[in-house]
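Student: Could we go through this one together? I'd like to start with the helices and then move on to the ligand.

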Amino acid sequence: PGKKVLIVYAHQEPKSFNGSLLKIAVEELTKQGCSVTVSDLYAMQFEPRATRNDIVGPLHNSEAFNYGVETWEAYKRGHLSKDLVEEQKKVQEADLLIFQFPLFWFNMPAILKGWVDRVLVQGFAYDLSKIYDGGLLQGKLSLFSFTTGASKEMYSKEGVSGDIRYVLWPMQHGIMHFCGVRVLEPHICYAPENVSEEKRKEMLAAWTQRLKTLWKEEPIDCSPEWYFK
Ligand code: FAD
Ligand code: ZN
């Protein structure tokens with residue numbers, strides 16, 4: 001109770017399976033007394049492109065544009081665009097970040113990747129030598145909750161798509177751990193389109209169940225071994 005949760009959600013359709021997973025998380029966490037904020041990226045028409053427009057006012061170096069340098073400088077001076085500042089505030093306040101999305105090409109949808117590219121700027125989420133366990137978002141937890149088109153069998157070490165953990169490496173380790181955020185076990189709903197209605201209801205019930213004891217969970221050991229051993 002009292003915990004703050006930010007759910008960054010990337011699906012176009014509220015009636016989708018992802019939409020149902022979102023609804024469950026909002027309802028269950030709210031019921032627990034958490035304060036839940038949702039960034040519904042498609043509904044917000046969130047800008048995924050990392051451009052000059054993210055910096056308000058004159059550039060640090062207008063001769064040759066460098067997005068990383070410019071956003072770092074703009075962050076320090078309070079010159080980032082309003083939409084980024086708002087998202088950073090939500091991240092700053094959150095104890096737990098939940099990412100809810102359908103897997104697109106072994107990765108997060110572009111709109112969500114754009115959120116990562118634009119919101120987690122240097123100076124805010126990490127800095128020179130302030131990375132991994134020393135990252136600037138220390139003390140927070142994250143959870144990747146996503147759906148797939150392919151089956152669990154396909155996403156096994158011997159399966160055609162390889163272990164699902166290979167897909168999690170860039171997201172959990174490369175993004176969250178890099179910024180100092182600890183990572184809870186991912187929540188993966190395999191192939192909701194291809195299973196029976198009964199199985200879908202079971203998967204949704206499992207998410208509700210997991211959320212009930214979420215705050216008792218220990219983060220994973222987010223090291224290369226977890227992904228590739
Ligand atoms: P939906 O189609 O919205 O939902 C599935 C079914 O659940 C629907 O019948 C819906 O009505 C039903 N449903 C919704 N809510 C409930 C409820 N409360 N109770 C019961 N039923 C409900 N997959 C991969 O595995 N790997 C990839 O690399 C990959 N790349 C992709 C790239 C692109 C560009 C696209 C478009 C898809 C890709 N996919 C991939 C597939 C994608 O991951 C799946 O289509 C997606 O995860 C399915 O989730 P959804 O929420 O969109 O499902
Ligand atoms: Zn890690």
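Student: At roughly what angle do the axes of helix H3 and helix H4 cross?

Tutor: Keeping in mind that this is a predicted model, the axes of H3, residues 82-93, and H4, residues 110-119, cross at roughly 90° and come within 10 Å. Because angles from 65 to 115 degrees count as roughly perpendicular, H3 is described as roughly perpendicular to H4.

Student: And which residues make the contact?

Tutor: On the H3 side they are Asp 83, Leu 84, Glu 87, Gln 88 and Val 91, while H4 contributes Trp 115, Arg 118 and Val 119. Sorted by class, this contact of H3 with H4 has four nonpolar, three charged and one polar residue.

Student: Ok, new topic: which residues come nearest to ligand 1?

Tutor: There are 22 residues around ligand 1, and those that come nearest are His 11, Ser 20, Leu 103, Trp 105 and Thr 147.

Student: What does Trp 105 do with its backbone there?

Tutor: One of the backbone N or O atoms of Trp 105 lies 2.7 Å from a nitrogen atom of ligand 1. A polar backbone atom of Ala 150 is 3.0 Å from an oxygen atom of the ligand, and Lys 201 places a polar side-chain atom 2.9 Å from a ligand nitrogen atom.

Student: How much of ligand 1 does the protein cover?

Tutor: On its own the ligand has 1,000 Å² of accessible area, and the protein covers 69% of that.

Student: Which helix gives the largest share of the shell?

Tutor: That is H6, with four residues; both H1 (17-31) and H6 (197-212) supply at least two residues each. By class, the shell has ten nonpolar, seven polar and five charged residues.

Key: Residues numbered from 1 in each chain as written. Chains lettered and ligands numbered in written order. Predicted model: local features only at pLDDT ≥ 70, side-chain atom pairs only at ≥ 80, totals over all residues. Heavy atoms only, no water. Near = heavy atom within 4 Å. Polar contact = N/O pair within 3.5 Å; in protein donor to acceptor, adjacent residues only side chain to side chain. Areas by Shrake-Rupley, 256 points an atom, 1.4 Å probe, with all protein chains shown as cover. Nonpolar A, V, L, I, M, F, W, Y, C, P; charged D, E, K, R; others polar. Axes fitted to C-alpha atoms, helices over the stretch in contact; angles between N-to-C directions. Parallel < 35°, antiparallel > 145°, perpendicular 65-115°, else oblique. Contact = heavy atoms within 4.5 Å.
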